[in-house]
Amino acid sequence: MIRHLLSGADLDAETATQILDTAAEMAAVAGREVKKLPALRGRTVVNLFYEDSTRTRISFEAAAKRLSADVINFSAKGSSVAKGESLKDTALTLQAMGADAVVVRHPASGAPHRLADWVDGSVVNAGDGTHEHPTQALLDAYTMRSRLGRLAGLSVAVVGDVLHSRVARSNVLLLSTLGAKVTLVGPPTLIPVDIAAALAPGTDVCYDLDAMLPSSDVVMMLRVQRERMNDSYFPSAREYARRYGLDGPRMGRLPEHAIVMHPGPMNRGMEITPEVADSPRSTIVEQVANGVSVRMAVLYLLLGGNNR
Ligand code: NCD
């Protein structure tokens, strides 16, 4: 097993499948009255969040607690980071406290990689800038596999603000490793030139959502990340929704079995309408539930169930 999980590219097909299979076993624990396993008793997991998060932070905390680890939650607000302490000094503090795993979210792309040089424990990237979010890709893959029965050969459209999306990057890397065919869809201004070839050969780019729908098994809608935009990438929110938003009539053009995903948080009415988000084809709430099982599997395999 790998020591850190920093990128979707850290996972070969065998390791990724092992994580997904372990997650399926972890999911069984969630159905019990007592949702706890002793696997990580006495180990310490630190959640180090320099950026806002609802789902990911709670999910990692629940995962670590269900494995009986001691959990320390650190958020940059209210800590010495607000006094200007550097990432390195924070890392050395965590090291001194004996963290076995550090789960880190940071606005700077690459921050988890730096952290991995400074601590002895395992580092899990919970989202770094516009770069990567590998556990999101794993929970997305898990959700596709459990709804559609397989990953190999699936046609997955990843739609919207690809430029700012760490979810898109990690998904392209992981899904292509697992044999799915990914097409990035969105306005040309929000799809970096050459991104498909740079991430994984075989990935396509398409600027026409309507053309993609009839042949997609999965449509993954991305949030338009206004907080990372310092330019106007499209004329107006209304124009964006008209061309790239998923609404009822568009959903109707998908094959019968196709599912609609979104990592959350959603801009309802922009990239996705409430009608679609709340429909039986939507896996949005399932993705959140699966996130806990997948993160349990990741922590378990990195910390306990391996040769370390
Ligand atoms: C994503 C993130 O933070 O990268 N959300 C998540 O982790 N569930 C996507 C987003 O913010 O749009």
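**Figure 1. Helix H5 and the glycine that comes after it.** Glycine 149, which follows H5, has a positive phi, near 85°. This close-up, like the others here, comes from a predicted model. Helix H5 covers residues 134-148, and its 15 residues should span 21 Å at 1.5 Å a residue; the end C-alpha atoms are 21 Å apart, so expectation and model agree. How many of the 15 residues of H5 are buried? The count is 12, so H5 is largely enclosed by the rest of the structure. The buried residues of H5 include Pro134, Thr135, Gln136, Asp140 and Tyr142. Leu138, Met144 and Leu148 are also among the buried residues of this helix.

**Figure 2. The surroundings of the ligand.** Which residues surround the ligand? Among them are Thr56, Arg105, His133, Gln136, Arg166 and Val167. Arg223, Gln225, Pro263, Gly264 and Pro265 also belong to these surroundings. For arginine 166, the distance from a side-chain N or O atom to a ligand oxygen is 2.6 Å. Glutamine 136 places a polar side-chain atom 3.4 Å from a nitrogen atom of the ligand, and glutamine 136 is also one of the buried residues of H5.

**Figure 3. A cis peptide bond beside the ligand.** Glycine 264 and proline 265 are both among the residues around the ligand. Is the peptide bond from glycine 264 to proline 265 cis or trans? The bond is cis, with omega near -5°. Proline 265 sits in the loop that runs between strand E9 (259-261) and helix H11 (274-277).

**Figure 4. The largest nonpolar core, seen around leucine 299.** This core holds 57 residues, and Leu138, Met144 and Leu299 are those with the most contacts inside it. Helix H12 (residues 284-304) gives the core its largest share, nine residues. Domain 1 (8-133 + 290-305) and domain 2 (134-287) each supply at least three residues to this core. Leaving aside residues up to four places away in sequence, leucine 299 touches Leu40, Val45, Phe60, Ala63 and Ala64, among others. Its other contacts include Leu67, Ala101, Val103 and Gly304. Another core, of 26 residues, lies apart from the largest one; Cys206, Met221, Val224 and Tyr233 are among its members.

Figure 5. Serine 68 is not a glycine, yet its phi is positive, about 70°. Serine 68 is located in the loop between helix H2 (55-66) and strand E2 (70-75). Is serine 68 buried or exposed? Its relative accessible area is 16%, so serine 68 is buried. Aspartate 194 also has a positive phi of about 70° without being a glycine. The loop between strand E6 (181-185) and helix H7 (195-199) contains aspartate 194. With a relative accessible area of 60%, aspartate 194 is exposed.

**Figure 6. The contact between the two domains.** The protein chain is divided into domain 1 (8-133 + 290-305) and domain 2 (134-287). How far apart do the C-alpha centres of domain 1 and domain 2 lie? They are 25 Å apart. Domain 1 brings 32 residues to the contact, and domain 2 brings 29 residues.

Key
Residues are numbered from 1 along each chain as its sequence is written. This is a predicted model: local features need pLDDT of at least 70, side-chain atom pairs count only at pLDDT 80 or more; totals for chains, interfaces and linings use all residues. Side-chain values use heavy atoms; hydrogens and water are left out. A nonpolar core is a set of buried Ala, Val, Leu, Ile, Met, Phe, Trp, Tyr and Cys residues joined through side-chain atoms within 4.5 Å. Buried means under 20% relative accessible area, exposed over 50%, partly exposed in between (1.4 Å probe, protein chains only). Helices (H or I, at least four residues) and strands (E, at least two) are DSSP runs, numbered from the N terminus. Domain bounds come from an automatic or database domain assignment. Contact means heavy atoms within 4.5 Å. The expected span of a helix is 1.5 Å times one less than its number of residues. A residue is near a molecule or strand if one of its heavy atoms lies within 4 Å of it. A polar contact is a pair of N or O atoms within 3.5 Å; within protein, one must be able to donate a hydrogen and the other to accept it, and residues adjacent in sequence count only if both atoms are side-chain atoms.
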